[in-house]
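I opened my notebook to record what I looked up in this structure.

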Amino acid sequence: MAALSGPSFAREVAGGKPAALVVASPDPAVARQLQERLTAPAFRLYTNRDLVGVEIGGALKNVMAIATGLSDGLGLGENARAALVTRGLAEIGRLALASGGQAATLAGLAGLGDLVLTCTGAESRNHRLGLAVANGRTLAEAEGATRMVAEGVRTVSSARILARRAEVSMPICDEVSAVLFEGKPVREALASLLAREPRPEEEQAVRA
């Protein structure tokens, strides 16, 4: 089994614009074979053995993009967006490590790279959904306004299940879930994140 992931909007890839992604497989030979077959002049691929880390990074960045969309929709500014992206990366890393992934993966294309693109890119479906909800649309209205799927809506529930099993703290996921499924006002959700108990940044990798 292998996974292809990384910062890439399909429209740009189809248009021949440059992109760099990761082919992940616990079998290096499989990863290398796919790398050779799929690489193109504007489509650069790296290999990685950390299938778990790549898959978790590729899934959870969508939840963080909804969170940044909520923040941007309220006009909270670029400082707030940067904080959500950074703390979102820490959150994704905790779950990845608890699930058997590697920290280095989350600093690479399938982690930080994909997270930054999805949280800030104009074509991000998940970011647009967060914007719509922050501007007063219900989840059903926001999803119904487009034929494309914002994967983070479903991912957040799965992430919280995995987090509970691993005893991992995922406050951003918790607040996104509360907004989407429990009707919590967006401002209250973001205020809850800011009101969390102060802690050192160099927190324990898993239970933080």
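First, a term I need throughout: a residue is buried under 20% relative accessible area, exposed over 50%, and partly exposed in between, with a 1.4 Å probe and protein chains only.

**Ground rules**

I am working with a predicted model, in which local features need pLDDT of at least 70, side-chain atom pairs count only at pLDDT 80 or more, and totals for chains, interfaces and linings use all residues. Residues are numbered from 1 along each chain as its sequence is written, and side-chain values use heavy atoms, with hydrogens and water left out.

**Overall build**

I looked up the secondary structure. The chain has 11 helices and three strands. Here helices (H or I, at least four residues) and strands (E, at least two) are DSSP runs, numbered from the N terminus. I read the order from the N terminus as β-α-β-α-β-α-α-α-α-α-α-α-α-α. The radius of gyration is 17 Å, close to the 17 Å of the globule rule for 208 residues, so the chain is as compact as a globular protein of that length. That radius is taken over C-alpha atoms, and the rule is 2.2 Å times the number of residues to the power 0.38. Along its principal axes, the C-alpha trace spans about 50 × 40 × 30 Å.

**Surface, contacts and charge**

I checked how much of the chain is covered. Buried residues make up 43% of the 208 residues. The accessible surface is about 10,900 Å², and 53% of that belongs to carbon and sulfur atoms. These areas come from the Shrake-Rupley method with a 1.4 Å probe; for residues, only the protein chains shown count as cover.

Next I looked at contacts, meaning heavy atoms within 4.5 Å. Among contacts between residues at least 6 apart in sequence, 69% join residues at least 24 apart.

Then I turned to charge. Lys and Arg count as positive and Asp and Glu as negative, while His and the chain ends are not counted. I place each charge at NZ of Lys, CZ of Arg, CG of Asp or CD of Glu. The mean positions of the 23 positive and 22 negative charges are 4 Å apart.

**Cysteines**

How many disulfides does a search of the whole structure find? It finds zero. The test is a pair of cysteine sulfur atoms within 2.5 Å. Cys119 is in no disulfide, and its nearest cysteine sulfur, that of Cys173, is 11 Å away. Is Cys119 buried or exposed? I note it as buried, because its relative accessibility is 0%. Cys173 is buried too, with a relative accessible area of 0%.

**Helix H10**

H10 covers residues 171–182, and nine of its 12 residues are buried.

I followed helix H9 (residues 152–166) to Val153. Val153 is buried, at a relative accessible area of 0%. Leaving aside neighbours within four places in sequence, Val153 is in contact with Ile66, Leu129, Leu139, Glu143, Leu180 and Phe181.

In helix H11 I picked Leu193. Not counting residues up to four places away in sequence, Leu193 touches Leu84, Pro171, Ile172 and Glu175. Leu193 and Leu84 are 109 residues apart along the chain, yet their C-alpha atoms are separated by 9.7 Å.

**Loops**

Thr138 lies in the loop between H7 and H8. Thr138 counts as partly exposed, at 42% relative accessibility. Its C-alpha atom is 8.1 Å from that of Leu180, 42 residues apart along the chain.

Glu167 sits in the loop between H9 and H10. Most residues other than glycine have a negative phi. Glu167 is not a glycine, but its phi is positive, at about 60 degrees. Glu167 counts as exposed, at 53% relative accessibility.

My last stop was Gln33 in helix H2 (residues 28–38). Gln33 is partly exposed, with a relative accessible area of 41%. Gln33 and Asn79 are 46 residues apart in sequence and 42 Å apart in space, C-alpha to C-alpha.
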